[in-house]
Amino acid sequence: AAKAAGRNRLGYFTPELQQAALQRMRLSNDLREALARQELFIEYQAIVDLRNGEVHKAEALLRWRHPSQGVIGPGVFVPLAETSGLILEIGAWVFMQAAQQAKQWRSRFDSGFQISVNKSPVQFRQQADNMPVSTSWSDTLQQLDLDGDALTIEITESLLLEADDEVEAQLAALHAAGFQVSLDDFGTGFSSLAYLQKYAIDLLKIDQRFVRNLRPDAKDLALCTAIITMAHALGMKVVAEGVETPEQAALLLAAGCDYAQGYLFGRPISAADFERQWVKT
Ligand code: C2E
Ligand code: MG
Ligand code: MG
Ligand code: MG
């Protein structure tokens with residue numbers, strides 16, 4: 001028995017692990033067909049201006065309607081797409097969808113509307129043999145006759161961690177094309193504060209783990225307040241993620257936070273539902 005326990009601790013390939021690995025392999029194979037079969041779709045979540053409750057921004061969030069397993073979230077399949085390289089094709093599709101949606105909402109309802117799109121570091125590394133992402137995204141803008149500031153590119157700290165001249169150049173090119181750049185999940189990675197100064201970043205998104213336990217006396221409030229103060233001093237705006245209660249929203253507003261996103265205001269929903277809920281005509 002002692003020997004068996006020792007084996008488990010050493011991480012032998014158990015039947016459960018084998019099952020999980022098989023499941024990932026199957027999903028990864030299915031994903032190859034998902035785009036062509038039109039199983040991927042996007043939901044939009046409102047980003048609310050805390051000062052006046054207005055909504056002029058949304059985040060595009062990718063979902064997969066799997067033929068037998070139902071709707072699968074990006075936390076499960078985006079990592080698979082990154083490993084297989086499919087994320088390049090999928091990412092280009094997401095970008096085009098979001099750009100078209102921004103174009104539509106800008107012309108029909110709100111000329112300043114912005115949609116943010118998540119980008120994984122893998123998409124920034126493709127330039128070796130292909131063209132830089134900033135070029136292909138600028139081409140999309142031109143095709144649609146859309147201003148760059150209609151779109152915000154969400155990157156994560158891991159991109160800055162491995163940052164080299166190439167990443168710096170691409171972020172600068174995105175800016176030159178008019179895109180806004182947003183740093184997602186701030187506080188969960190290990191990026192040094194020096195990066196915030198070095199790279200062209202417009203928005204900081206405070207990760208939901210710091211928002212979850214916000215209370216007047218909690219240390220998380222001190223942390224959020226410090227992040228907001230620092231971001232403002234560096235000329236950035238701040239979005240709080242995962243805001244679920246009126247108390248959290250009130251504390252964030254008092255701390256000077258600019259925007260909030262979370263179930264309190266609305267879940268990610270279809271473009272049609274988003275129009276019904278948020279667009280004033
Ligand atoms: P993220 O960019 O940090 O997105 C926020 C996540 O928090 C979303 O999960 C959203 O549904 C969830 N959320 C929003 N409000 C609340 C709340 O009040 N409470 C809680 N508990 N959760 C909330 P989702 O949609 O599952 O996406 C997970 C991650 O997948 C995203 O995190 C993003 O990193 C990635 N992702 C989504 N779409 C894409 C995409 O098109 N491309 C890439 N590369 N990654 C994507
Ligand atoms: Mg995001
Ligand atoms: Mg986030
Ligand atoms: Mg995330």
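Modeller: A residue counts as buried under 20% relative accessible area, as exposed over 50%, and as partly exposed in between, with a 1.4 Å probe and protein chains only. This is a predicted model, in which local features need pLDDT of at least 70 and side-chain atom pairs count only at pLDDT 80 or more, while totals for chains, interfaces and linings use all residues. Residues are numbered from 1 along each chain as its sequence is written, chains are lettered from A and ligands numbered from 1 in the order in which they are written, and side-chain values use heavy atoms, without hydrogens and water.

Biologist: Is Glu 154 buried or exposed?

Modeller: Glu 154 lies in strand 5 (residues 151–156), where a strand is a DSSP run of E with at least two residues, a helix is a run of H or I with at least four, and both are numbered from the N terminus. Its relative accessible area is 2%, so Glu 154 is buried.

Biologist: Which residues coordinate the magnesium ion (ligand 2)?

Modeller: Donors are N, O and S atoms within 2.8 Å of the metal (3.2 Å for Na, K and Ca); water is not among the atoms, so sites may look incomplete. Along the chain, the donors of this ion follow the spacing E-x58-N-x35-E-x29-D. At 2.0 to 2.2 Å, the magnesium ion (ligand 2) is coordinated by Glu 59 (OE), Asn 118 (OD1), Glu 154 (OE) and Asp 184 (OD).

Biologist: How many residues apart are Glu 59 and Glu 154?

Modeller: Glu 59, at 3% relative accessibility, counts as buried. Glu 59 belongs to strand 2 (residues 55–66) and Glu 154 to strand 5, and this pair links parts of the chain that are distant, 95 residues apart.

Biologist: Why does the pair of Asp 185 and Glu 241 tie together separate parts of the sequence, and how many residues apart are they?

Modeller: Asp 185 is partly exposed, with a relative accessible area of 26%, whereas Glu 241 is buried at 8%. Because Asp 185 lies in strand 6 (residues 180–186) and Glu 241 in the loop between strand 8 (237–240) and helix 12 (246–254), the pair joins parts separated in sequence by 56 residues.

Biologist: What is the angle between the planes of Phe 95 and Trp 137?

Modeller: Rings of Phe, Tyr and Trp (its six-membered ring) pair if their centres lie within 6.5 Å; planes under 30 degrees apart are stacked, over 60 edge-to-face and the rest tilted. The structure holds ten such aromatic pairs. Phe 95 and Trp 137 are stacked, with 5.1 Å from centre to centre and a plane angle of 15°.

Biologist: Which helix holds Phe 95, and which holds Trp 137?

Modeller: Both residues are buried. Their pair ties together parts 42 residues apart in sequence, because Phe 95 lies in helix 4 (residues 87–108) and Trp 137 in helix 6 (residues 133–144).

Biologist: Over which ring does the charged end of Arg 267 sit?

Modeller: A charge sits over a ring if NZ of Lys or CZ of Arg is within 6 Å of the ring centre and within 35 degrees of the ring normal. For Arg 267 the distance to the centre is 3.7 Å, and the ring is that of Tyr 263.
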